[in-house]
Amino acid sequence: MYCVRNVTEDLYWVGANDHRLALFENCFPIPRGVSYNAYCLLDEKTALFDTVDWSACRQLLENLEYVLDGRPLDYLVINHLEPDHAACIEEVLLRYPKVKVISNEKAFMLMRQFGFHVDKHELIEVKEGDTFSFGKHTVTFVFAQMVHWPEAMVTFDLTNGVLFSADAFGSFGALDGKLFADEVNFDRDWLDDARRYLTNIVGKYGPHIQLLLGKAGGILDLIKIVCPLHGPVWRKDLMYFIGKYDTWSKYEPENKGVMIVYASMYGNTENAAQSLASKLCERGVTDVVVHDVSSTHVSYMISDAFKYSHIVLASVTYNLGIYPAMHNLLMDMKALNLQNRTFALIENGSWAVKSGDLMQKFIDEELKNMTVLNERLTLASSLNADKVTELNMLADAIAESMGK
Ligand code: FEO
């Protein structure tokens with residue numbers, strides 16, 4: 001059975017929701033599911049903008065058949081070739097053998113690499129700034145290199161202001177009927193997953209997002225609706241979400257607050273992390289989150305690292321090094337280009353305390369534009385009463401650096 005929604009009078013969402021996939025990209029947990037968005041325009045000519053993941057192909061085809069209502073599909077526009085959106089290209093071509101495929105040179109190259117048999121169909125290769133008319137609607141193509149792959153482009157409908165934004169402005173989370181961001185409490189229920197999606201998947205490419213935002217800046221007043229490939233469609237408060245993307249891609253903290261991550265084997269380093277959280281709250285720093293690095297998926301900690309201005313790492317010493325899961329988090333921060341944060345360190349060890357120096361070295365040498373506070377809490381096995389002064393000094397230093 002079809003499951004579609006109107007975006008505008010002649011534009012339909014024909015995508016699908018997925019609650020079965022446990023790990024997006026076989027990497028990121030998606031407990032709220034994910035949507036694969038595809039859109040069908042009914043103009044004098046018909047056009048499908050992107051496809052969906054292979055697992056959702058049948059839903060796309062049923063949706064398409066319903067929306068087309070006997071009309072042929074004339075064009076397939078591919079903005080992004082990653083298989084969660086492009087896997088059904090070949091199936092669409094089989095069902096609609098006369099369809100013409102519109103995309104760019106790199107995308108056509110990737111189609112061949114992935115083994116999609118597109119070459120017996122008419123291929124229309126577009127370049128940045130080219131326009132194309134489907135009848136009433138004329139679109140233009142804007143390249144969005146590395147947001148999220150090198151071939152990515154966005155398509156802007158000059159007639160009604162709809163921006164098919166590819167991976168940009170997407171989010172984890174299944175739509176479950178609520179297509180538009182103004183139909184949900186986005187700030188409360190979606191923002192964390194939107195940040196987790198963006199920062200983990202495209203976090204490394206902040207400058208490329210800035211480039212795309214710069215291009216969008218020139219036509220901001222013309223953009224009326226943003227149709228991403230995942231998550232809700234935006235038709236109101238566009239600047240709210242564009243502003244979030246701007247902040248994240250400039251590696252600026254979204255909130256003045258503290259993420260405390262602890263690596264603890266027997267609960268003693270955890271006790272220090274919790275004690276510090278209490279001390280911070282006593283000082284009026286209440287926007288504090290605490291994560292156990294061993295049991296929290298790294299994507300959530302990366303999201304909070306992008307959210308908060310201050311990061312406290314509390315790690316036991318393990319094999320004379322940093323606890324492996326904590327080291328992995330630091331490596332991910334480096335890979336995703338996190339910058340401009342203030343760190344504080346807690347180290348623990350029962351005979352050779354090394355983790356503090358090693359974390360400091362990693363932050364100083366591997367990450368960019370970071371500050372590490374001088375105050376460090378060093379524990380020998382556990383937090384004892386004789387460490388309360390040091391704990392208070394650490395809490396004072398963090399609060400002071402936040403202007404409290
Ligand atoms: Fe959802 Fe980069 O694909």
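Guide: Let us begin with a pair of facing residues in this predicted model: C40 stands opposite L48, which belongs to β8. The strands around that pair are β7 and β8, the latter covering residues 46–49, and they pair in the antiparallel sense over four bridges.

Visitor: How many residues make up the hairpin that joins β7 to β8?

Guide: The hairpin leads from β7 to β8 through three residues.

Visitor: Let us turn to charged side chains; what does D10 meet in a salt bridge?

Guide: In general, side chains of opposite charge can pair when their charged atoms come close. Here the side chain of D10 meets that of K136, with 3.5 Å from N to O. The two residues are 126 apart and link distant parts of the chain, since D10 lies in the loop between β1 (5–8) and β2, while K136 lies in the loop between β12 (131–133) and β13 (138–143). This salt bridge is one of 21 in the structure.

Visitor: Into which domains is the chain divided, and how far apart are their centres?

Guide: Domain 1 spans 5–249 and domain 2 spans 259–398; their centres, taken over C-alpha atoms, are separated by 39 Å. Contact between the two involves 12 residues of domain 1 and 11 residues of domain 2.

Visitor: What area is buried between domain 1 and domain 2?

Guide: The size of an interface is often given as the accessible area lost when the parts come together. For domain 1 and domain 2 that area is about 1,100 Å², and carbon and sulfur atoms give 55% of it.

Visitor: Which elements supply the side of domain 1 that touches domain 2?

Guide: Both β5 (28–29) and α5 (186–202) supply at least two residues each to that side of domain 1, and the largest share, five residues, comes from α5. Sorted by class, the side of domain 1 that touches domain 2 has five nonpolar, three polar and four charged residues.

Visitor: How many salt bridges and how many polar contacts are found between the domains?

Guide: The count of salt bridges between domain 1 and domain 2 is zero, whereas five residue pairs are found in polar contact across their interface, with both residues at pLDDT 80 or more.

Definitions and conventions:
Residues numbered from 1 in each chain as written. Predicted model: local features only at pLDDT ≥ 70, side-chain atom pairs only at ≥ 80, totals over all residues. Heavy atoms only, no water. Domains from an automatic or database assignment. Contact = heavy atoms within 4.5 Å. Buried area = accessible area lost by both parts, 1.4 Å probe. Salt bridge = Lys/Arg side-chain N within 4 Å of Asp/Glu carboxyl O. Polar contact = N/O pair within 3.5 Å; in protein donor to acceptor, adjacent residues only side chain to side chain. Nonpolar A, V, L, I, M, F, W, Y, C, P; charged D, E, K, R; others polar. Pairing = 2+ DSSP bridges.
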